[in-house]
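Thanks for passing this one along. Here are my notes, written so that you can follow them with the model open beside you.

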Amino acid sequence: VEVRYLTPFAGLWIFYAVCFRPHSRLLEADSKSMRSMSGSRRNSGSSLVSSSSASSNLSHLEEDTWILWGRIVNEWDEWRRKKDKLLKELIRKGIPHHFRAIVWQLLGNATDMPVKNQYSELLKMSSPCEKLIRRDIARTYPEHDFFKGQDSLGQEVLFNVMKAYSLVDREVGYCQGSAFIVGLLLMQMPEEEAFCVFVRLMQEYRLRELFKPSMAELGLCIYQFEYLLQEQLPELNVHFRSQSFHTSMYASSWFLTLFLTFLPLPIATRIFDIFMYEGLEIIFRVGMAILQYNQTDLIQLDMEGMSQHFQKVIPHQFDSCPDKLILRAYQVKYNPKKMKKLEKEYTTIKNKEMEEQIEIKRLRTENRLLKQRIETLEKGQVTRAQEAEENYVIKRELAVVRQQCTAASENLEKAQDTIRELQQHTVRPIREQFVHGLQTQLEQSRLQEAELLSALKEMQDKRSSSLPDETNVAQLQEELKQVKLRELETLRSFRELQDIVTELNQRWQHHTSRGGGHWKESPKKNALNELQDKLMSLKLREAQTQAELKEVKLKNLQLESQNQIYSKAVSRHEQESAALQERLQNALSHNKSLQSQLNEMKRKQAESDCKSKEEVMAVRLREADSMAAMAELRQKIAELEIQKEEGLIQGQLNHSDSRQYITQLREQIAELKNEVRHTHTHIHTHTHPHTHYSTYSIFVHLSTVKSYPC
């Protein structure tokens, strides 16, 4: 055991016990004598040794207690292995105040933990829980002198320990109740040792499960406590249920703070002594003992009255005699096997609840998806109705265009019939030219009809392929207007050509009706007839020229309409190309940002790897330094023990009379007590009451004692 954890009086009593071990009957007594001594100590009053126990009025019983606990600390492994039951009984009767720091560390196996070397490094880091810790520090033991004041030493070291643990265990982080446990540890030991003990409590004493965000372990403790209440105090349990006074309303703080916020500090410290050895069992026992003691009063109160009773009456019932509460706690029936069975039942119940919650979440998700599908279907129905209406309008326009196409086809057939008649009755050379022109117009009409049909088919494809939006509908309507204009122009041209053909047919019939008697008439009339024939041929040529002119106009109109269509298509393609180009630019910029983030993450990873390697090297160097320091301390202790043995042998050789030798030693011890008492009083007046001696101070005391004749 490291000597530097002991307070001045504890170190002196350990030295006294070692020096006088061959001469003290108390230290050589068996376990029965120790039990009888501890039993007589129970009748002496409070088991909590206060700081004032170092006064000159120490009784013989208190001296024996100091000697006994000094021996326990020195021979800790042997006591845990061979005298465990006796150690348990002594702890239940209370650990002396100045021995609590070292005994708690030994009980928690926290004297040599690797995390202790990381404490100074953790304080240099920043924690996400710092604001919460700062906010709650002023609420932790607000009436205790050590924690009073905003910038007091107690608040500062409490903040350091809570911050360091929030960095070590990021899953738990910080929870309000844990600050009271750390505050109690800081009242007994320095902050590094308190940090190590708190880490061990969280890991080995189920406290970590209590302080997790889910607080599943707290629910289990409440479930087990309710079972004990129902089994041992059924009337009080029925009254609590009738008043809707749930167990969690008064017992949650018992488990989270180990009665530190419910009972006065001396009694809560006694409970914490037992908790360090036996775990959460003492919390169940003390809680049931409190309810048994107050059952009669609680049954007569309503919910508000019970709350006031828990807050004002119960905490001060055992101030005068804490042993009474401990004795009642160990009269409570507690079956560990039954508690294990209850733990399994609670786990099964929670698993079923979790499965039900998962099923509820799944059903809620399905419900949400179904609602989204219904909304989508409703929107789809509205869209389909709009589509159906637009399709009806387009179908009606298509029907009109088809009627116009049918009429144009009929006109073309009539024109073809007329051309055939003209081919049969007109003069061959004129007829061939005129028929060729009409055939050309017929081919153009057929081509135009084919274009109209292809445009109709394209419109039908557009209508069936996708839902027409406002832009597409406007474009289709524009193209439809152009098709109608071309169709009207074509019809007008055919009507004009039809009129010309009719007029020529009439003239040709009139000319042929007169042509049979040309050979009987006079030469003048023959010359006139020839002139009329020439005039007729000129008119035919004029009609042919007009037909060609119409053809050119139609071609020009078609080319203009096609040019407009193609220009609109080109503009649409340009818009799509611009949109694609913009998306490409966005994708490239996003890719560049991702690449830069990847490079930054690689750089940070490399830096963190370097830092971790440096930290590992620093930790190894610190471990080597600590090992060397411990070896040096062990060597010094061995030298001091050798000097002590030499002093003992020299004293025995110089003084043959053992009684005179013992008398002298007692006088020297009394002088040492007075000197240490004056020194202790001086330290208490100039330093903090919780400051402990360092290793150097213990060595100074040992060297001072060695200088006496012993």
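1. What share of the contacts in the chain with a separation of 6 or more comes from residues 24 or more positions apart? The figure is 78%. Do keep in mind as you read on that this is a predicted model.

2. On the overall make-up, the chain holds 26 helices and zero strands. Of its 710 residues, 37% are buried. The accessible surface of the chain is about 42700 Å², and carbon and sulfur atoms contribute 53% of that surface.

3. Have a look at helix 6, which covers residues 100–107. This helix is mostly covered, with eight of its eight residues buried. The buried set runs through Arg 100, Ala 101, Ile 102, Val 103, Trp 104, Gln 105, Leu 106 and Leu 107. After helix 6 comes Asn 109, and its phi is positive, near 55°.

4. Next, the pairing of helix 16 (residues 265–278) with helix 17 (residues 281–293). Their axes come within 8 Å and cross at roughly 140°. Angles over 145 degrees would count as roughly antiparallel; helix 16 and helix 17 are therefore oblique to each other.

5. Which residues make this contact between helix 16 and helix 17? From helix 16 there are Ile 271, Ile 274, Phe 275 and Glu 278, and they meet Glu 281, Ile 282, Ile 283 and Val 286 of helix 17. By type, the residues of this contact divide into six nonpolar, two charged and no polar.

Methods. Residues are numbered from 1 along each chain as its sequence is written. This is a predicted model: local features need pLDDT of at least 70, side-chain atom pairs count only at pLDDT 80 or more; totals for chains, interfaces and linings use all residues. Side-chain values use heavy atoms; hydrogens and water are left out. Axes are lines fitted to C-alpha atoms, for helices over the stretch in contact, and angles run from 0 to 180 degrees between N-to-C directions. Helices (H or I, at least four residues) and strands (E, at least two) are DSSP runs, numbered from the N terminus. Angles under 35 degrees count as roughly parallel, over 145 as roughly antiparallel, 65 to 115 as roughly perpendicular and the rest as oblique. Contact means heavy atoms within 4.5 Å. Ala, Val, Leu, Ile, Met, Phe, Trp, Tyr, Cys and Pro count as nonpolar, Asp, Glu, Lys and Arg as charged, and the others, Gly among them, as polar. Buried means under 20% relative accessible area, exposed over 50%, partly exposed in between (1.4 Å probe, protein chains only). Accessible areas come from the Shrake-Rupley method with a 1.4 Å probe; for residues, only the protein chains shown count as cover.
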